Amino acid sequence: MSKETGSNEYIQSMFRLDDDIAIVTGGAGVLPYAMATTLARAGARVALWGRGTNHPVDEAAKQLARELSLPEERVTGITVDTAHEEETAAALAETRKKLGMPTILVNGVGGNRGKSDFVDIDVRTFEEVVTMNLLAGLVIPLKACAREWIAAGQHASVINLASMTSYKPLSGVWAYNAAKSAVMNLTEGAAREFAAHGIRVNGIAPGFFVGHQNKALLIAKEETGELTPRGQAIIDHTPFGRFGVPRDMEGATLFLAAREASGFITGVTIPVDGGYLVHNI
Ligand SMILES: NC(=O)c1ccc[n+]([C@@H]2O[C@H](COP(=O)([O-])OP(=O)(O)OC[C@H]3O[C@@H](n4cnc5c(N)ncnc54)[C@H](O)[C@@H]3O)[C@@H](O)[C@H]2O)c1
């Protein structure tokens, strides 16, 4: 049969990731875990990378394998602080040993902390947030992987996590604004530099999802679902009238990861935001 319309075979040829190996940093986090689930469901072997602190990645990896009924060797958890180059290099070596050469990197590490007037910026917190979102969240893992991809002549797809703050600053979160606008800038710059090596670098800019890192900023009382004034302002500004749920991340993740589907696309950031960016009065 040729040129089937709407057949599973066609969809599979576009989106199957059976030959792919994905690293998902921050893999026990809410959005990265959802992205890892999508990649695993499409056939990729997945390494969840993350710090072993609040949400250990080896437990998350076991949970993912259990949820998808996958053999444990298809999903692995690797404890690493991606703010450290040596640890990151070791995590990459371990990933290669356990799963093979990665072909997909999801830079899921990131988070928002510290809200203040500009004149009250706490410089240490500012540095930590920039380090988390820019160095740990993009530069260090991408540098480690790209060196090996270039040396091996390996094509790859990178997905960075931008934010609504990449487009317009949110009030009071100065470091997060600075880091996330830089994430979009670096996505473009890296896409340009790595294109000649077959390495695509794109981003997803989530609207507002409730993650571990921002729950306190958005939800006042978990039992009742009562929002903070900031949480309510966000809902009022989101044409779909709700926060995102992890499932909302799946389609854009699969599209950007799948070479057959997006192989000529690099340097773009896709908003997944319920219309937040097109809100008007
Ligand atoms: N939740 C949202 O509404 C939202 C919106 C826009 C962008 N984002 C971005 O999406 C990404 C994921 O957000 P989330 O809400 O799922 O957050 P999350 O806190 O649930 O997940 C982030 C994970 O990264 C891990 N991590 C942090 N620093 C690390 C380091 N140095 N090394 C290894 N692991 C580290 C944390 O332990 C956590 O498991 C972040 O980059 C965030 O900025 C989230």
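Predicted model: local features only at pLDDT ≥ 70, side-chain atom pairs only at ≥ 80, totals over all residues.

Residues are numbered from 1 along each chain as its sequence is written.

**Exercise 1.** Work out the strand order of the open sheet and find its edges.

*Solution.* Start with the order: seven strands run 3-2-1-4-5-6-9, with parallel pairing. (Strands are DSSP runs of E, at least two residues, and helices runs of H or I, at least four, numbered from the N terminus; two strands pair if DSSP finds at least two bridges between them.) Next, the edges: strand 3 (75-79) and strand 9 (269-272) each have a single partner strand, so one side of each lacks a neighbour in the sheet.

**Exercise 2.** Find which residues of the largest nonpolar core touch the most other members.

*Solution.* A core joins buried Ala, Val, Leu, Ile, Met, Phe, Trp, Tyr and Cys residues through C-beta atoms within 7 Å, buried meaning 20 or more other C-beta atoms within 10 Å of a residue's own, with C-beta atoms placed from the backbone. Of its 71 residues, the answer is A22, V24, A36, L39, V46, L48 and W49. Then look for the main contributor: helix 5 (residues 123-152) gives the most, eleven residues.

**Exercise 3.** Sort the residues around the ligand by class.

*Solution.* First, 30 residues surround the ligand (C-beta atom, placed from the backbone, within 6 Å). G26, G29, G110, G211 and Q213 are the closest. Now sort: twelve are nonpolar, 16 polar and two charged, with Ala, Val, Leu, Ile, Met, Phe, Trp, Tyr, Cys and Pro counted as nonpolar, Asp, Glu, Lys and Arg as charged, and the others, Gly among them, as polar.

Methods
Buried ≥ 20, exposed ≤ 12 C-beta atoms within 10 Å, placed from the backbone.
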